[in-house]
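Reader: I'm new to protein structures and I'd like to learn how to read one. Could you take me through it feature by feature?

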Amino acid sequence: MGSGKLKSMRIRTAFFIFCISLLSGACRQVATESRVQPVSFEDGSSMIADTVFLDSLSLFMPETNEEALINNIDRVCESDGRYFILDKRMKQVLCYTLSGKHLFTIHAVGNGKGEYVDLFDIAIDEAENKLLLLTYPSQILYYDLEGTYLSSYPLDDMYQSFAVDKGFIYLRNDTYANGVVSDYSLIVINKETGKQTSLLEPLYETAPFCSFGNYQITNTASVLFTRKFDNYIYRITGESIEPLYMVDWKSKAFPESDKQRQFQCNDLNQFCYQGKYIYTMTDLCDTPSCLLFRTNQPGVCLLSKATGTVNNYQVIINTDYQLPLPNYMPVDGKQSRIFFIYSSEVLCEQKRLSAEEGINEKMRCLLDRIKEGDNPVIFTYHVK
């Protein structure tokens, strides 16, 4: 072979390797699984006292006024001594002090600058002290922490949940939209350069239109991600993703053979109800000692990092008020905080029944403060 042809081949080979390296940077996959910790499900008591794994109980009673009526709490972020509450049904974000004083409400529904038709998710950018709204039309709206609109960032596709850290924005991709399976489960945006990276090829869509719980991406101690019919819990760091835990659900594992079927939601719920099968993990809260999350089965799951086991507790008892706690929700931020949410209607019904049922004095004092139409009452804790 002549020297000219050999040189030309070397150039083409070098160019091919260069192109491959670019592609691998734009479409990264899961990092090595050598660090994955297997954890096993333990079938134990279905009831636990709050003091076993929670402390620093406080009551958060958000002020109720005409500008601060909460229909539902879908996501909570804590920053700068404030709670930022997403109410998707009302398409609004409400900001409160930790003591419950209402500071402002964002309800920017419209087609103008800084407005939206629908509101899907919120996040706090701690590095830049900004509140981010994920909306439709598909964009990220930037507000300051006083509720003033700053700017917008258009997106090339529609996303319904996200997280943000110092350097990156992480968008969870709906892997089945308009009858088409997407190529990747996550899109990562480098905040400084705008570069987009795709992560994690999707699984077969066993139940393409079914969901449970609130969010499969959360940012507490770190950005964690889960997906349906996947027993791994992932951590996302910059442009890479790695599985941290693999949960062995034992007899409650969703049958592998049935993952190749395609379920309607009612059929899936009935199938999992009868078999007690688990197919999803949501609402993760990461702490130094444990990891909390929910599944499609009732209760809260507690993953102990020390023992490598998962326990499910269907009932958590508040020992001060002698009250079962419902509706666990993680609070995005660095405080390892969680919410248990009681609607005022449920508490008012409890007040009517209290004449017949024995309740302690602390509970009686709380009920005396509640009236019909009030915003929810939240029991907040730090996770030990």
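Reader: Let's start with the link of C210 and C265: is it left-handed or right-handed?

Author: First the general idea: a disulfide is a covalent bond between the sulfur atoms of two cysteines. Keep in mind that what you're looking at is a predicted model. Here C210 and C265 form a disulfide, with their sulfur atoms 2.2 Å apart. The angle about the S-S bond is -110 degrees, and the link is left-handed. A search of the whole structure turns up 1 disulfide.

Reader: Where in the chain do C210 and C265 sit?

Author: The pair ties together distant parts of the chain, 55 residues apart. C210 lies in the loop between β17 and β18, while C265 belongs to helix α2 (residues 265–275).

Reader: And is C210 buried or exposed?

Author: To judge that, look at the relative accessible area: under 20% is buried, over 50% is exposed, and in between is partly exposed. C210 comes in at 6%, so it is buried.

Reader: Now strands. How many residues of β16 (residues 186–190) are buried?

Author: With a strand, check which way the side chains point and what is on either side. In β16, 5 of the 5 residues are buried, so the strand is largely enclosed by the rest of the structure. L186, V188 and N190 point one way, I187 and I189 point the other way, and all are buried.

Reader: Which strands does β16 pair with?

Author: Strand β13 (residues 168–172) runs antiparallel to β16, and 5 bridges join the two. In that pairing, F168 has N190 as its bridge partner. β16 also pairs with β17 in the antiparallel sense, over 4 bridges, and there I189 stands opposite Q196. β16 and β17 make a hairpin with 5 residues between them. In the turn, G194 has a positive phi of about 80 degrees.

Reader: Which residues other than glycine have a positive phi?

Author: D80 is one of them, with phi near 55 degrees. D283 is another, also with phi near 55 degrees. D80 is in the loop between β4 (75–79) and β5 (82–87), and at 58% relative accessible area it is exposed. D283 is in strand β22 (residues 281–286), and at 2% relative accessibility it counts as buried.

Reader: How do I read a helix like α3 (residues 344–353)? Which of its residues are buried?

Author: Pick out the buried residues, then look down the axis. In α3 the buried ones are S344, L347 and C348. They fall within an arc of 100 degrees, so they line one face of the helix. C348, for instance, has 5% relative accessibility and so counts as buried. The buried residues of α3 pack against β29 (337–342), α4 (361–368) and β30 (377–383).

Reader: Last one: how many residues are in the largest nonpolar core?

Author: In soluble globular proteins, nonpolar side chains tend to be buried together. The largest nonpolar core here has 27 residues, and L292, I338, F340 and F379 have the most contacts inside it. At least two residues each come from β23 (290–295), β24 (300–304), β27 (323–325), β29, α3, α4 and β30. β30 gives the most, with 4 residues. There's also a second, separate core of 18 residues, which includes C77, L86, C95 and L119. C95 is buried, with a relative accessible area of 0%.

Reader: And what does L292 touch?

Author: Setting aside neighbours within four places in sequence, the contacts of L292 include F53, D283, Y328, I338 and V383.

Notes: Residues numbered from 1 in each chain as written. Predicted model: local features only at pLDDT ≥ 70, side-chain atom pairs only at ≥ 80, totals over all residues. Heavy atoms only, no water. Buried < 20%, exposed > 50% of the residue type's maximum accessible area, 1.4 Å probe, protein only. Arc of directions from axis to C-beta. Contact = heavy atoms within 4.5 Å. Pairing = 2+ DSSP bridges. Core = buried A, V, L, I, M, F, W, Y, C linked by side-chain atoms within 4.5 Å. Disulfide = S-S within 2.5 Å.
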